[in-house]
Amino acid sequence: MLIKSRQKMAVVKKQQGAMLLEGLIAILIFSFGLLAIVGLQGQAVRDVSDARGRIDATYVMNRIVGELWLRNPALLVNGKKTYQDASDEIGVLAMSLPNGKAVVDVNNNLVTVTLTWKPPAAKQENKLVTVTSVNEALKAGS
């Protein structure tokens, strides 16, 4: 009886700390899960910010094309012009995006508008290009 009790005590002594080790491993696994969730949340915020920038750029692009067609067809002369300051309406629209710049290239009836912008935390510049055609009557009215 005494020998069995000593053997049990020896087994219990060998297992001391096993529960602590299991607890530490569980905390480690839980911490990895939390870090993954935080990483996913950060990526989601970056993606939403990027999507918002693209939506804003699309809106600005539509406004620039509308400005060219309706309010200021005098700008529809052959050639390429860059707008990146607040000297006219197109420049103001382009500057509403972070580090925004608009390039309008008119080649006869084909108008190519290239809008570039770079958010402060972005590594590279974003670009949106649209090509539209204008009829001669619109250009003649300019």
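Which residues does leucine 115 touch, not counting residues up to four places away in sequence? In this predicted model, the list is Ala57, Val60, Met61, Ile64, Ala94, Leu97, Lys101, Ala102, Asn126, Lys127 and Leu128.

## The nonpolar core

Leu115 belongs to the largest nonpolar core, which has 21 residues. Leu115 is one of the residues with the most contacts inside this core; the others are Ile64, Leu68, Val111 and Val113. Four elements, α2, α3, β2 and β3, each supply at least two residues of the core. Helix α3 covers residues 89–95. The largest share comes from α2, with 6 residues.

In soluble globular proteins, nonpolar side chains tend to be buried together.

## The sheet

The sheet is open and has 4 strands. Their order is β1-β2-β3-β4, and the pairing is antiparallel. Strands β1 (79–83) and β4 (126–133) stand at the edges. Each has a single partner strand, so one side of each is left without a neighbour in the sheet. From one strand to the next, the twist averages 15°.

Strand β1 is joined to β2 (residues 101–107) by 5 bridges, and the two run antiparallel. Within this pair, lysine 81 stands opposite valine 104 of β2.

## The helix across the sheet

Which strands does helix α2 lie across? The helix spans residues 18–71 and lies across β2, β3 and β4. Strand β3 covers residues 110–117. Helix α2 runs at about 145° to β3.

Leu115 shows the contact at residue level. Among the residues it touches are Ala57, Val60, Met61 and Ile64. Asn126, Lys127 and Leu128 are also in contact with Leu115.

Most residues other than glycine have a negative phi. Asparagine 99 has a positive one, near 55°. Asparagine 108 also has a positive phi, about 55°, although it is not a glycine.

Where are they? Asparagine 99 is in the loop between α3 and β2. Asparagine 108 is in the loop between β2 and β3.

Are these asparagines exposed or partly exposed? Asparagine 99 has 56% relative accessibility; the cut-off for exposed is over 50%, so asparagine 99 counts as exposed. Asparagine 108, at 47% relative accessibility, counts as partly exposed.

Key
Residues numbered from 1 in each chain as written. Predicted model: local features only at pLDDT ≥ 70, side-chain atom pairs only at ≥ 80, totals over all residues. Heavy atoms only, no water. Pairing = 2+ DSSP bridges. Axes fitted to C-alpha atoms, helices over the stretch in contact; angles between N-to-C directions. Contact = heavy atoms within 4.5 Å. Core = buried A, V, L, I, M, F, W, Y, C linked by side-chain atoms within 4.5 Å. Buried < 20%, exposed > 50% of the residue type's maximum accessible area, 1.4 Å probe, protein only.
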